[in-house]
Each structure stands twice: as C-alpha cells, then as structure tokens.
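Subject: Structure handover

Hello,

Here is the structure you are taking over. My notes on what was found in it follow below.

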Amino acid sequence: MTDDRLTRLSARIRARRGADPDSSYVARLLATGRERIAQKVGEEAVEAVIAATRGDPGALTGEAADLVFHLAVLLESLGLSFDDVLAELERREGVSGLAEKAARSGVGLSKPGE
Ligand SMILES: N=c1c2ncn([C@@H]3O[C@H](COP(=O)(O)OP(=O)(O)OP(=O)(O)O)[C@@H](O)[C@H]3O)c2ncn1[C@@H]1O[C@H](COP(=O)(O)O)[C@@H](O)[C@H]1O
C-alpha cells in the first residue's frame, strides 16, 4: 500500500494557492514569497536539529512535521510537489550512497565518514 499522506499534503497546499491569506497560512506564505518560505524551512530545520541533539523524540516529531510541511510549500513555490521528490527517491532505490558518491568524485577519492 503506497502511503499517500505526502501526496495529499502537496495537493492540499496546491489547492490553497490563491486562497485568502487571512484565512490560509499556505496562501499567506505563498503570497509572501519564496525567500520567506525558504527562511521558514531553514528555521524549522534548525529547530529539528536542536530537538534531535536534545534527544527529544516528541519535539523532533513535531519539528520534523513543521520542516516537511514548509518544504512542501517551498516545492509548491516552484511548481513542484512531493510526487517529484518521491519519484527521485524511487530512482535512487538500490544505489548505495557510498557507491554513488565515489562514482561522482572518482573511485577511492572519498574518505570514510565524509
Ligand atoms: N501541515 C500543516 C502545518 N504544519 C505547521 N503549520 C503551521 O506552520 C506555522 C509555523 O509557524 P511558526 O514556526 O511561527 O509556529 P511554531 O512552529 O508554533 O513556532 P516556533 O516554535 O517554530 O517558532 C504554524 O502556524 C503552524 O500551524 C501548518 N499549517 C498547515 N498545514 C497543512 O496545510 C493545510 C492548509 O493550511 P491552511 O493554508 O492554513 O488552510 C492544512 O490543512 C494542513 O494540512
């Protein structure tokens, strides 16, 4: 069973484009512009990092949800959705991250833990 929660979130965000910014947080973000949305993604990423380094699973869950949501809005600002991201992740399935990176930088040039 494919999990369509991310696809539903992207669709809900796309449906809010052009809605009244006084009644829709997504519409307000999109009306404010991509720089502000990107700033929120950065803020939420930092808040997720702080929650994780504090070893707080509950806080990390909430901040990660904020991060994923704001990333979805940032994707929408460029006409993209999680469908595009999930398709890219599917394309990468089965390809080792170490092998992929070594192929980019030449065999054996990447250091362990890099
Ligand atoms: N998933 C979300 C979602 N997650 C977070 N948020 C909002 O994002 C805002 C985050 O702003 P802030 O960081 O200032 O708030 P905060 O995180 O509490 O504060 P900090 O502690 O982070 O500083 C809050 O207003 C949250 O309510 C979201 N707003 C909307 N959605 C989804 O988007 C749909 C459309 O929302 P509207 O456009 O508002 O109708 C909703 O039905 C939901 O599915």
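The side chain of K40 makes a polar contact with the side chain of E43, at 3.2 Å. Please keep in mind that this is a predicted model. K40 sits in helix 3, which covers residues 34-53. Is K40 buried or exposed? K40 has a relative accessible area of 11%, and because the cut-off for buried is under 20%, K40 counts as buried. Apart from neighbours within four places in sequence, K40 is in contact with Y25, L29 and H70.

R36 is also found in helix 3. With a relative accessible area of 30%, R36 is partly exposed. Its side chain makes a polar contact of 3.0 Å with the side chain of Q39. Once neighbours within four places in sequence are set aside, R36 is in contact with L29 and E43. R36 and H70 are 34 residues apart along the chain, and their C-alpha atoms are separated by 10 Å.

Next, the ligand. Which residues are around the ligand? They are R12, R16, S24, Y25, V26, K40, E44, E47, D66, F69 and H70. A polar side-chain atom of R16 lies 2.7 Å from an oxygen atom of the ligand. For E47, a polar side-chain atom is 2.7 Å from a ligand oxygen, and for E44 the distance from a polar side-chain atom to a ligand oxygen is 2.9 Å. The ligand taken alone exposes 840 Å², and the protein buries 53% of that. Helix 1, helix 2, helix 3 and helix 4 are the elements that give two or more residues to the shell around the ligand.

Helix 1 was looked at in some detail. This helix runs over residues 5-16 and has twelve residues. From first C-alpha to last, helix 1 reaches 17 Å, close to the 16 Å expected at 1.5 Å a residue. Which residues of helix 1 are buried? They are L9, S10 and I13. Seen down the axis of helix 1, these buried residues fall within an arc of 95°, so they line one face of the helix. An α-helix has 3.6 residues a turn, so residues three or four places apart point the same way. The buried residues of helix 1 pack against helix 2 (25-32), helix 4 (57-77) and helix 5 (82-92). Just after helix 1, G18 takes a positive phi of about 90°.

Last, the chain as a whole. The protein chain has six helices and zero strands, and from the N terminus on its elements run α-α-α-α-α-α. Of the 114 residues in the protein chain, 23% are buried. Contacts between residues at least 6 apart in sequence were also sorted by separation, and 54% of them join residues at least 24 apart. The accessible surface of the protein chain comes to about 8000 Å², with 58% of that belonging to carbon and sulfur atoms.

Regards

Methods:
Residues numbered from 1 in each chain as written. Predicted model: local features only at pLDDT ≥ 70, side-chain atom pairs only at ≥ 80, totals over all residues. Heavy atoms only, no water. Helix = DSSP H or I, 4+ residues; strand = E, 2+ residues; numbered from the N terminus. Expected span 1.5 Å × (residues − 1). Buried < 20%, exposed > 50% of the residue type's maximum accessible area, 1.4 Å probe, protein only. Arc of directions from axis to C-beta. Contact = heavy atoms within 4.5 Å. Polar contact = N/O pair within 3.5 Å; in protein donor to acceptor, adjacent residues only side chain to side chain. Near = heavy atom within 4 Å. Areas by Shrake-Rupley, 256 points an atom, 1.4 Å probe, with all protein chains shown as cover.
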